[in-house]
Amino acid sequence: MITDPIADYLTRIRNAIKANHRVVEVPASNLKKEITKILFEKGYILNYKFEDDKAPGTIKVALKYHPVTKLPAINDIQRASRPGLRRYASSTELPRVLNGLGIAVISTSKGLMTDKEARNQKVGGEVICYVS
């Protein structure tokens with residue numbers, strides 16, 4: 001049993017990037033699906049596919065690399081809030097990742113969104129992870 005499935009999801013992506021894998025497969029959950037959609041919309045991953053054949057289902061994530069230099073689009077991805085220490089921020093205290101070049105994924109009452117979207121909608125929430 002995994003105590004922190006979001007940290008496991010981020011670690012699988014981080015390890016796949018370090019091993020230069022093209023596709024990584026992770027167990028699915030609704031929160032992981034929303035994080036994957038945000039990563040795709042912001043251009044950090046190439047594509048994704050939700051497979052609900054089995055009971056828990058899986059998410060296949062195609063990682064994105066630069067065509068010439070082969071550098072990954074995701075330089076760093078890390079968990080902010082964890083089960084032992086939850087991190088919450090109001091709309092005025094939301095973190096800026098790399099001075100606005102990266103994103104922070106925020107879980108708000110209006111759903112999962114990036115820090116910029118949460119600032120624009122003036123909502124705060126739990127800071128899930130940082131991506132740069």
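**Reading the labels of this predicted model**

Q: Why is leucine 98 called exposed?
A: The relative accessible area of leucine 98 is 54%. Residues count as exposed over 50%, as buried under 20% and as partly exposed in between, with a 1.4 Å probe and protein chains only.

Residues are numbered from 1 along each chain as its sequence is written, and side-chain values use heavy atoms, leaving out hydrogens and water.

Q: Where is leucine 98, and what is its phi?
A: Leucine 98 lies in the loop between strand E5 (88-89) and strand E6 (103-108). Strands are DSSP runs of E with at least two residues, helices are runs of H or I with at least four, and both are numbered from the N terminus. The phi of leucine 98 is positive, about 50 degrees, although leucine 98 is not a glycine.

Q: What makes asparagine 20 count as exposed?
A: Asparagine 20 has 54% relative accessibility, which puts it in the exposed class. Asparagine 20 sits in the loop between H1 and E1, and has a positive phi of about 60 degrees without being a glycine.

Q: How many aromatic pairs are there?
A: The count is two.

Q: Why is the pair of phenylalanine 40 and tyrosine 48 called edge-to-face?
A: The ring centres are 5.3 Å apart and the planes stand at 80 degrees, so the pair is edge-to-face. The rule is that rings of Phe, Tyr and Trp (its six-membered ring) pair if their centres lie within 6.5 Å; planes under 30 degrees apart count as stacked, over 60 as edge-to-face and the rest as tilted.

Q: Why is the pair of tyrosine 48 and phenylalanine 50 called tilted?
A: With centres 5.0 Å apart and planes at 40 degrees, this pair falls in the tilted class. Together, ring pairs link Phe40, Tyr48 and Phe50 into a cluster.

Q: How do you know that lysine 33 sits over the ring of phenylalanine 50?
A: The charged end of lysine 33 is 5.3 Å from the ring centre and sits over the ring. The label asks for NZ of Lys or CZ of Arg within 6 Å of the ring centre and within 35 degrees of the ring normal.

Q: In what order do the three strands of the open sheet stand?
A: The order is E1-E3-E2, with antiparallel pairing. Two strands pair if DSSP finds at least two bridges between them.

Q: What makes E1 (23-27) and E2 (45-51) edge strands?
A: Each has a single partner strand, so one side of each is left without a neighbour in the sheet. E2 pairs with strand E3 (residues 58-63) over six bridges, in the antiparallel sense.

Q: Which residues of the largest nonpolar core touch the most other members?
A: In this core of 26 residues, they are Ile13, Ile35, Leu39, Leu63, Ile74, Val105 and Val131. A nonpolar core is a set of buried Ala, Val, Leu, Ile, Met, Phe, Trp, Tyr and Cys residues joined through side-chain atoms within 4.5 Å. H1 gives the most to this core, with six residues.

Note on methods:
Predicted model: local features only at pLDDT ≥ 70, side-chain atom pairs only at ≥ 80, totals over all residues.
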